[in-house]
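Have a look at the structure first, then go through the points.

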Amino acid sequence: MMKTNIIRNILLFIFCGISISVNSQTFPYYHYTTREGLAYNLVYYALQDKSGYIWFATYGGLSRFDGNTFRNYSMADGLRYNNIVRIAEASDSTLYFTNYREGFNVYKNGIISNYEVTPQNPVGISTTFIKNDTIYFIHNNWEQVSYIYKNKIHTYDSLFAGEYGINDIYPYKHRDSSCTTLLVSNNKGLFAVNTCTGAITKFLKSGNFPNSCIKEDKDNNIWLGFSGKIYRVRDYNAELVLTLDEKIKGDIREMLIDSRGYVWFHPKEKGLFILKNGSITDIGAKLSFGTTEINQIYEDKEGNVWVTTSGKGIYCFYNIFMSNYFEGDGLFHDNIYSLLVNDSGVKFIGTYGGLNIMENNKFERVITGKEFHTTTWITDIQAGRYGNYLISGMYKSSGFSGSYFNKNMFFFPTNVTPCQYDSATFISIDANSKMEIFMSRYNIKHLSAQAEGNLIKYDEKQVLKEFNSSPASPIGISTIERAGDGALWVGTSKGLCKIKGNEETYYKNDSVLNSGIRAIKITPSGLILIAGKKGISVISQTPEKVTSLERTDKFDFSKSASIDIDSDRNIWIGNPKGLFRINYDSLLNGKYNNILYFNDKTALPSYNVQAVSYDKVNNELWVGTEYGLSKMELNSLDKYLNPPPKVLIENIILSDTTLENPAGTDNIVFKPSQNNLRVHYTSFNYSSPKSIKYEHKFEGSNTWSETQYSDAEFFSLPPGKYNLLLRAVNINNLKGEITSLKFEILSPFWKTLWFYFILIVIFLAVIYLVFQKRIRLIKSKADEKIKTQNSISELKHQALSASMNPHFIFNTLNSIQAYMNTHTIEESNEYLVNFSRLIRLNLDLAGQTFIPLETEIQRLELYLSYEKIRFEDRLNYEIKIADNIDRKSLQIPNMILQPFVENSIWHGILHKEEPGNISINISKENLLISQNNVPAITIDILDDGVGLDAIKTVKPSHTSKGISLIKERLRLLAGSAPDFEYIKIRNREKGLPGVSVSITLFPNQYIISA
């Protein structure tokens, strides 16, 4: 316990009574006002939401900022009132905006709406906090404290009403408590409200601390500021941290204990200060804050500190590991041309206007009395040996020495590059164009110039080296450094030269070392660092190895002017493009993916870096630019080297609409006409927003497209599904997390599958219709041809049918003649009468192709009865018709039976001695033709005459013309039916006498009428 008290007392002794440092510094900052788009210059409050936007509550409405653009909201967008005083965010990302007169608004999913906490009028509010989704606020009468939980309001007013008033509240949860404690300060002290029980007690074990400013640090310690003092509360005990002196004493109105442990505070009407490493810096004085009221000091997720003011807008202090110094801080001039930090941490700063020394955080000007009134340009500062410092500058005297601020300094003309070789030997450059190096032994307390142009008065003149030159191509020497082994490293306009004794080494095979050399740095370990016209080189010794770098894919090291190395073996290079850091081991291994780059977009006063020097005592890098001096605290540097955050897509702008906040949509579908789109996005980098670049590509592509703008435009995208990938890339080529935007552009109806299907159907239908039309045309032509052929066949058939009548008549007349010669006149007359009837019937039927079977049978019976008169009892016949045949409906070809019956009589029965018989059988059956069942009419004519062989014997050359005609008629009627033996004439089977005639009729050869 005693040890703890001792340490505490030591801390109090260290912190109490701290005064403002004599020197001042400026963190890099941005200043935002209405000129940059802020809604109003009176800004009460700032808050960064979970998405990354920073919101500002102003007297003229709300402003939302992404680092580049302000978007403002007013009553026209749904606010109750434009005077917004506080912003708070719940765990579900709902934002609560409060104003002094009209209560709450809520912002969710891009929409501002009213939030009613009571059935009555809205509550006027002055201060608001949200913790654990409970809304705590002070009413605008500064007497009541309320909280809202699950849309129910609870008010504490018994203790704080009347004369007490309320100054500030803060919801605080102690690590040992499960309940939130609401801290309330008023003019009677600091009180704690237990939100679980409602009990109100004193917060601290001792002390009142009335009207305190209440803040909390990252370790959950409470800080109190009031009446010129700042306290830190631990275990309900207040420890004094800082007592302000009379210059800045006043009520602490606002505080911030940032993530680095720096204490930012604002005494009433006294500006802005920061307590850092035991020293107070007046930041407000540099920014001319004067009596400007500061309403809030706020730290965002990147570590940037935002200061909201009444009337001067917003200040954003970024990259706080850096501090910048200018003429107003004590520099001779902002143009820093040369720089040296010695082993004790003392800074020698060579400017365009003269030489500065910075020691114990204080700038001093070195006044020799020989400065020019207009300028004293300090071109080079070298650390000599034994505590000497060699200064090249534009002075009225060519060379002189002196002690300034307890430092031995030797001054040389601006065109001379000096080097101290040992305690009594200096090396410099001849002033004329011959460019010689001289060694001089002299009294180092007195230097003067010779008329011939040699700088140093010397007792012995020794030419160490003469560099050949010509008026057309003179050789200039920019720097000389002595190594620990006594070797001289000389940087010239033509390359590097190493001189050791009588041995000279040149590096003709290295492009960097064979070109102009601007700076040489020799480290205690013996590394030779070179910066030159074409790049940088590192020479390691034992054995000697040269590693050079001209450029990488992203960075160019040409025209490098200065170089140094820190304790972590990081090489720092300054050139007209900025400041670079590359690790020594990475350089040796050829790995360049961890190079850091800084320029005026990342807190340097200028991108033209002319000098760098490492302070090993404080682990700081000092950077001289043409517009100011910078200090970089390397211990804090890596905290700021995170890759850029994930890209947030804000909206998609189409030709006819804008889609807001599309990030939460899994797959967006656009109409075919919405194939021209612009995707607007952002990435929250408030410390260097201008240094962010973006890359995008569609999934499946191998190439990223780079742009400096936060928009990606796409024109005439074809229909399909897309996955747009976006990422931010910072100035160090670190790439952020990829954001994906999936969307689909629908095909126009003429490119859809169903449209193609309809086209195919229509095409096939057209082809089918054309084909059908063609078929119908062909068929029509074929039908016409068939019809014509049928007509021809019909005519031919009729002709053939008609041709049979003469044949029949001829045969019948022969029969009549024979009959009349053998019979009586009466019998002959009867015979002629029957003949005339038969002739009449034939003539009536002669023009018909088909005749009913019944008619054909009648004619056949008439003919047979006619022949029976002639043959008497020698001729018998029978006609059988199957039951499945209708005599009236069945029509057969005209006169196909009579010729065969006539042949049976005349050629078969006529030549027999005994009576003959003729049998006619007509049936209907299905026949298998070409694997098809075909209904056929079968007519069998059987006789028991002499047979075919006997007929051929009697009439060997006889051919029946009638039978030939019938065969031809049946072939014509068959049309395109397969060839078939429609008429078969054979001897009867089974040894029976006579002939069998079989006639087969197929469809087209017979007709069944209705």
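1. A quick definition to start: a salt bridge here is a side-chain nitrogen of Lys or Arg within 4 Å of a carboxyl oxygen of Asp or Glu. Keep in mind that this is a predicted model. Searching the whole structure with that criterion turns up 31 salt bridges.

2. Take Glu216 and Lys131, which form one of these bridges with their closest N and O atoms 3.7 Å apart. The two sit 85 residues apart, Glu216 in strand β18 (residues 213–216) and Lys131 in strand β10 (residues 125–131), so the pair links distant parts of the chain. Is Glu216 buried or exposed? Its relative accessibility is 17%, and because the cut-off for buried is under 20%, Glu216 counts as buried. Lys131, at 22%, counts as partly exposed.

3. Lys646 pairs with Glu737, and here the closest N and O atoms are 3.8 Å apart. Both partners lie in loops: Lys646 between α4 (634–637) and β57 (648–654), Glu737 between β64 (720–729) and β65 (739–745). The bridge therefore ties together parts that are 91 residues apart in sequence. Lys646 is partly exposed, with a relative accessible area of 40%.

4. Finally, Asp556 forms a salt bridge with Arg551, with 3.9 Å between the closest N and O atoms. Asp556 has a relative accessible area of 25%, so Asp556 is partly exposed.

Conventions
Residues are numbered from 1 along each chain as its sequence is written. This is a predicted model: local features need pLDDT of at least 70, side-chain atom pairs count only at pLDDT 80 or more; totals for chains, interfaces and linings use all residues. Side-chain values use heavy atoms; hydrogens and water are left out. Helices (H or I, at least four residues) and strands (E, at least two) are DSSP runs, numbered from the N terminus. Buried means under 20% relative accessible area, exposed over 50%, partly exposed in between (1.4 Å probe, protein chains only).
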